Amino acid sequence: MHTVTIEAPAKINLTLDVIGKRSDGYHELETVMHQVNLYDRIILEARPAGIELATNSSQIPLDQENLVYKAALVILKKYQPGAGVKIYIEKNIPVGAGLAGGSTDAAAVLAGINYLYDCRLSRQQLLEMAAAIGSDVAFCLSGQYYQPRPGVLLGQGVTAVARGRGELLESLPARFIPYILIVKPDFELSTAQVYSELDLESVEQFPDTKSFLQVWNKGDIINISVYMANVLESVSIRKKPEIGIIKSRLMETGALNALMSGSGPSVFAIFSDEEAACRAYRVFKKDYREVYLTSSYSRSEAVASKRNPINYGD
Ligand code: ATP
């Protein structure tokens, strides 16, 4: 039977700025997204007809509401009419967390079906379909494109500045961040609601994206952490003060900096050493079910030497 397995990594937002409101109702964004080594696994199996979903998660829909279903429908209808697919989602990324779990699954399905049925779509065609499915899908797809074929990775995760609704991407040089701790509290936040409650007038700290990009290019982790900022934090922390408490506690455990990802509620922290990161992991694991000690997304020992490690300034 013809099957394909694909890794679908989560993202964190190292910066997130809202530049303004557009006439179509969406917000104009400027955000730096970075893929981390926490991923769902998507298994696709060719079928003569229909789209069938299965998963190990009790938290995601298994009908047309699943972004994966939408992605499969769009690409099959247009490029492989009459064919079907069975999709298994091994869910490891927390749901409704601000880590783009649904978007990355959808991107993996687009890339996977392109391979499964040998549709030979260009990067541009895939990116256009991705952008029509959801704001973060194009970014996630740009990571899939580094795979010569699904399941075979070139070894680098993607980092990009996303603008517009999130679909206008500018790739950044790859940098490897070795210790990232993600804490997802036991509640979800609606992305739409957080954006609708954003009042730019009352935001206290806007990211300095230009300076962030300068330090990112240098690979200077101390300053990368200094310039991390997210304008949505003010809204999400007002709605759920626990997010602010997690941030403060992460700082107390010795993080270089801690920030909410996307519209939350996940908070991630960057650490400079393994010992401090492991200590923080143990502290948070006592109080939270979903805690992940991870790093940048990266694969293949063969390319390890070509990684561009973050320099710690020593
Ligand atoms: P983003 O960071 O892109 O805003 P998120 O991480 O906050 O996304 P998701 O995990 O993508 O949020 O889930 C948001 C909603 O989408 C959930 O309520 C979930 O039921 C629904 N959903 C649909 N398909 C999926 C999927 N494949 N994986 C996760 N959630 C999905």
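How does Glu275 count at 58% relative accessibility, buried or exposed? At that value, Glu275 counts as exposed, since exposed means over 50% relative accessible area, buried under 20%, and partly exposed in between (1.4 Å probe, protein chains only).

## Ground rules

This is a predicted model, so to speak of local features takes a pLDDT of at least 70 and side-chain atom pairs count only at pLDDT 80 or more, while totals for chains, interfaces and linings use all residues. Numbering runs from 1 along each chain as its sequence is written, and side-chain values use heavy atoms, with hydrogens and water left out.

## Salt bridges

Back to Glu275: its side chain meets that of Arg279 in a salt bridge, 3.8 Å from N to O. The term covers a side-chain nitrogen of Lys or Arg within 4 Å of a carboxyl oxygen of Asp or Glu. The two residues are four apart in helix α10 (residues 274–285), so about one helical turn separates them. Helices here are DSSP runs of H or I with at least four residues, strands are runs of E with at least two, and both are numbered from the N terminus. Arg279 comes out as partly exposed, at 39% relative accessibility.

By this rule the count comes to 16 salt bridges. One of them joins Glu52 to Arg47, with the closest N and O atoms 2.7 Å apart. Glu52 is partly exposed at 37%, and Arg47 is partly exposed too, at 26%. Both belong to a network of salt bridges that links Glu45, Arg47, Glu52 and Lys86. Then there's Arg289 with Glu290, where the closest N and O atoms are 3.6 Å apart. Arg289 is exposed at 54%, whereas Glu290 is buried at 11%.

## Rings and charges

A pair of aromatic rings is described by the distance of the centres and the angle of the planes. Rings of Phe, Tyr and Trp (its six-membered ring) pair if their centres lie within 6.5 Å; planes under 30 degrees apart are stacked, over 60 edge-to-face, and the rest tilted. By this rule the count comes to three aromatic pairs. Tyr39 and Tyr297 have ring centres 6.2 Å apart and planes at 75°, so that pair is edge-to-face. Tyr39 sits in strand β2 (residues 27–47) and Tyr297 in the segment after β11 (290–294), so the pair links distant parts of the chain, 258 residues apart. Both tyrosines, Tyr39 and Tyr297, are buried.

Phe212 and Trp216 make a stacked pair, 6.0 Å centre to centre with 15° between the planes. Four residues apart in helix α6 (residues 209–218), Phe212 and Trp216 are separated by about one helical turn. Phe212 is buried at 0% relative accessibility, and Trp216 is buried at 0% as well.

## Buried helices and residues

In helix α4 (residues 137–144), eight of the eight residues are buried, so the helix is largely enclosed by the rest of the structure. Its buried residues pack against β1 (3–21), β2, α2 (101–116), α3 (123–133), β5 (159–164) and β6 (168–171), with contact meaning heavy atoms within 4.5 Å. As for α6, its buried residues pack against β1, β2, β5 and α7 (221–226). Just after α6, Gly219 takes a positive phi of about 75°.

Ser236, in helix α8 (residues 233–239), is buried at 0%. Leaving aside neighbours within four places in sequence, Ser236 is in contact with Leu189, Val194, Ile243, Met260 and Ser263. Over in strand β2, Leu44 is buried at 0%. Leu44 and Val4 are 40 residues apart along the chain, with their C-alpha atoms separated by 5.2 Å.

## Two domains

The domain assignment gives domain 1 (3–174) and domain 2 (180–294), and such bounds come from an automatic or database assignment. Their C-alpha centres lie 23 Å apart. At the interface, 30 residues of domain 1 are in contact with 33 residues of domain 2.

The two domains bury about 2,500 Å² between them, 65% of it on carbon and sulfur atoms. Buried area is the accessible area (1.4 Å probe) that two parts lose on being put together, summed over both.
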